[in-house]
Amino acid sequence: EKGYESVTLTCLNNGAKPGGRVVDVARLQKLVKERGILIDGGYGKIKGTTFRLSNMGDETEASMQSLYSALDEAMKQLG
């Protein structure tokens, strides 16, 4: 929601709005992990309904591009 943005973390809502695409988060995690990238699949009540991407630390434009590429490929595989 507006006002809760973070420059260190991106949290994606897993299709909660009408017409949204629901993603098998566990499978998404597995597919990107196969490319050497870890993403968080949520915890507690939000497990599977969100997934989080870190943008903090030593991330560079190149490392973030690797993340986006891995996500694109994984999403294609998820259909």
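Predicted model: local features only at pLDDT ≥ 70, side-chain atom pairs only at ≥ 80, totals over all residues.
How far apart should the ends of helix H2 be at 1.5 Å a residue, and what is the distance between its end C-alpha atoms? The 18 residues of H2 (residues 61-78) should span 26 Å, and the end C-alpha atoms lie 25 Å apart, which agrees. The expected span here is 1.5 Å times one less than the number of residues in the helix.

Residues are numbered from 1 along each chain as its sequence is written, and side-chain values use heavy atoms, with hydrogens and water left out.

Helices (H or I, at least four residues) and strands (E, at least two) are DSSP runs, numbered from the N terminus.

Let's start with what H2 hides. Its buried residues are Met64, Leu67, Ala70, Leu71 and Ala74. Looking down the axis of H2, you'd see these buried residues fall within an arc of 120°, so they line one face of the helix. (The arc is taken from the directions from the helix axis to the C-beta atoms.) Buried means under 20% relative accessible area, exposed means over 50%, and partly exposed is in between, using a 1.4 Å probe and protein chains only.

Helix H1 (25-33) and strand S2 (50-54) are among the parts that cover the buried residues of H2. Over on the other side of H2, Glu61, Ala62 and Lys76 are exposed. Just after the helix comes Gly79, with a positive phi of about 80°.

## The nonpolar core

In soluble globular proteins, nonpolar side chains tend to be buried together. A nonpolar core is a set of buried Ala, Val, Leu, Ile, Met, Phe, Trp, Tyr and Cys residues joined through side-chain atoms within 4.5 Å. The largest one here has 14 residues, and those with the most contacts inside it are Leu28, Val32, Ile39, Phe51, Leu53, Leu67 and Leu71. H1, S2 and H2 each supply at least two residues of this core, and H2 gives the most, with 5 residues.

Take Leu71 as a case: leaving aside neighbours within four places in sequence, Leu71 is in contact (heavy atoms within 4.5 Å) with Leu28, Val32 and Leu53.

## Thr50 and its neighbours

Thr50 sits in strand S2. With a relative accessible area of 10%, Thr50 is buried. Not counting residues up to four places away in sequence, Thr50 touches Cys11, Leu12, Asn13, Asn14, Val25, Gly41 and Gly42.

## Charged pairs

Side chains of opposite charge can pair when their charged atoms come close. A salt bridge puts a side-chain nitrogen of Lys or Arg within 4 Å of a carboxyl oxygen of Asp or Glu, and a search of the whole structure finds 3 of them. In one, Arg52 pairs with Asp40, the closest N and O atoms being 2.8 Å apart. This pair links distant parts of the chain: Arg52 is in strand S2 and Asp40 in the loop between H1 and S2, 12 residues apart. Arg52 counts as partly exposed at 21% relative accessibility, and Asp40 counts as partly exposed at 28%.

Being 3 residues apart in H2, the two are separated by about one helical turn. Lys76 is exposed, with a relative accessible area of 61%, while Glu73 counts as partly exposed at 32%. Glu34 and Lys30 also meet in a salt bridge (2.9 Å, N to O), and both are exposed.
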